[in-house]
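Visitor: Before we look at anything, could you show me how to read burial, ring contacts, pockets and backbone features from a model, one at a time?

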Amino acid sequence: MTGRRVGFCLSDKKRRKMNLDAFADFCASHGVEVVEIDLSRPLVPQGPFDVIVHKLSEVIVEAEHDSQSQQLLANFQHYVSAHSNTVLLDPLPAMTKLLDRFASYQLMSKLQNSLRDWRICSPPYMEIDSVSDLSSVEEAVMVQGISYPLICKTRVAHGSLSHEMSLIFSADSLAAIHPPCVLQSFVNHGAVLHKVFVVGDRHFCVERPSLKNFPSGPCDRETIFFNSHQVSKPESSSDLTALDEQMPCLPPPSSEAVGALVKELRVQLGMALFGVDVIINIHTHTLTVIDINIFPGYEGVPQFFAALLSHIKTVLDSGTPAHPSAASEES
């Protein structure tokens with residue numbers, strides 16, 4: 001693999017979180033050059049690249065309303081189109097889909113049929129696009145089979161605001177939500193979140209704290225506002241994560257079921273670098289998928305550098321095209 005050049009196109013925050021400098025040193029020791037891509041400069045002189053690893057979430061979201069971001073994204077897409085031998089991790093259309101929580105929840109719902117034998121499901125959900133929808137929300141919640149308590153999340157799954165969520169206990173509190181957003185039934189899961197980190201054909205499961213159990217059904221409790229990132233930090237400890245009752249430990253997710261889920265998601269998305277947040281329903285013990293994340297932090301995965309370099313080598317050796325269709329992506 002000597003002489004290969006891998007371009008990384010990341011925000012400063014992602015670059016620091018991933019510790020790209022350390023990864024570059026790791027790759028250099030294996031004969032691979034890591035190059036940081038500057039989107040504000042012409043891309044051709046910065047190349048050539050055998051692989052481009054990117055997380056353009058911020059650019060994609062801002063391109064909705066910002067002309068400069070639109071141009072940066074267009075330049076990137078033009079470069080990739082003109083250099084079909086460059087492997088892109090991951091495809092932009094799939095990443096754009098996952099930036100929309102409603103679209104990713106639609107995907108999860110479709111997967112329930114193919115994964116039913118593994119007892120994998122996702123909670124009922126609905127979207128609220130605008131303030132004008134609020135008058136019909138209470139009825140829509142009942143029609144969609146969404147149960148209280150329910151979680152309200154921003155529709156856009158990017159940025160610090162995407163971690164700001166609320167737990168709503170009754171219809172009276174629905175008027176305070178801020179569209180565009182999605183509502184999702186809260187599933188009691190014993191205050192344990194399982195984060196599944198995917199790197200190509202490998203995946204790693206890390207256990208994190210999560211919200212405690214709450215009584216099912218509507219009640220007059222005040223809405224709870226929380227930051228999901230803070231709640232699920234490895235060292236997190238708060239009233240929101242401390243169980244009010246004694247309960248037996250839930251079994252960990254079946255490795256076979258998690259493997260089946262990851263394989264199906266890779267096929268459907270055509271992606272190699274993503275995370276899946278799953279919980280175990282305390283009543284049914286079903287594996288419940290609550291979110292899919294683009295190129296996550298891989299915290300708690302000491303093998304991440306080796307796994308990422310191994311995947312880069314695999315796609316280069318196999319000649320994977322820059323724009324793999326979801327159906328043709330190897331699992």
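Visitor: Is Phe-304 buried or exposed, and how is that decided?

Guide: Buried means under 20% relative accessible area, exposed means over 50%, and partly exposed is in between, with a 1.4 Å probe and protein chains only. Phe-304 has a relative accessible area of 6%, so Phe-304 is buried. Please keep in mind that this is a predicted model, in which local features need pLDDT of at least 70, side-chain atom pairs count only at pLDDT 80 or more, and totals for chains, interfaces and linings use all residues. Residues are numbered from 1 along each chain as its sequence is written, and side-chain values use heavy atoms, with hydrogens and water left out.

Visitor: How many aromatic pairs does the structure hold?

Guide: Rings of Phe, Tyr and Trp (its six-membered ring) pair if their centres lie within 6.5 Å, and planes under 30 degrees apart count as stacked, over 60 as edge-to-face and the rest as tilted. The structure holds 13 such aromatic pairs. In one of them, the ring centres of Phe-8 and Phe-23 are 5.6 Å apart with the planes at 70°, so this pair is edge-to-face. The pair links distant parts of the chain, since Phe-8 belongs to strand E1 (residues 4-9) and Phe-23, 15 residues apart from it, to helix H2 (residues 20-28); here helices (H or I, at least four residues) and strands (E, at least two) are DSSP runs, numbered from the N terminus. Both Phe-8 and Phe-23 are buried. For Phe-304 and Phe-305, the centres are 6.2 Å apart and the planes are at 50°, so that pair is tilted.

Visitor: Which residues form one aromatic cluster?

Guide: Phe-8, Phe-23, Phe-26, Phe-197, Phe-295, Tyr-298, Phe-304 and Phe-305 form it. Within this list, Phe-295 is found in the loop between strand E14 (287-294) and helix H10 (304-318), and is buried at a relative accessible area of 2%. The phi of Phe-295 is near 35°, a positive value in a residue other than glycine.

Visitor: Which charged end sits over the ring of Phe-295?

Guide: A charge sits over a ring if NZ of Lys or CZ of Arg is within 6 Å of the ring centre and within 35 degrees of the ring normal. In this case the charged end is that of Lys-14, 4.2 Å from the centre of the Phe-295 ring.

Visitor: Which residues are closest to the centre of the second largest pocket?

Guide: On a 1 Å grid over the protein atoms alone, a cavity is a set of points where a 1.4 Å probe fits but cannot get out, whereas a pocket is an open set with protein on both sides within 12 Å along at least five of seven lines, and lining residues have an atom within 4 Å of a point. Grid points are joined across faces, edges and corners, and a volume is the space filled by probe spheres set on the points. The second largest pocket holds about 440 Å³ of space, and of its 23 lining residues the closest to the centre are Lys-153, Thr-154, Leu-161, Glu-164 and His-178. Leu-161 is placed in the loop between strand E7 (150-154) and strand E8 (164-168), and is exposed, with a relative accessible area of 63%. E8 gives the most to this lining, with 4 residues.
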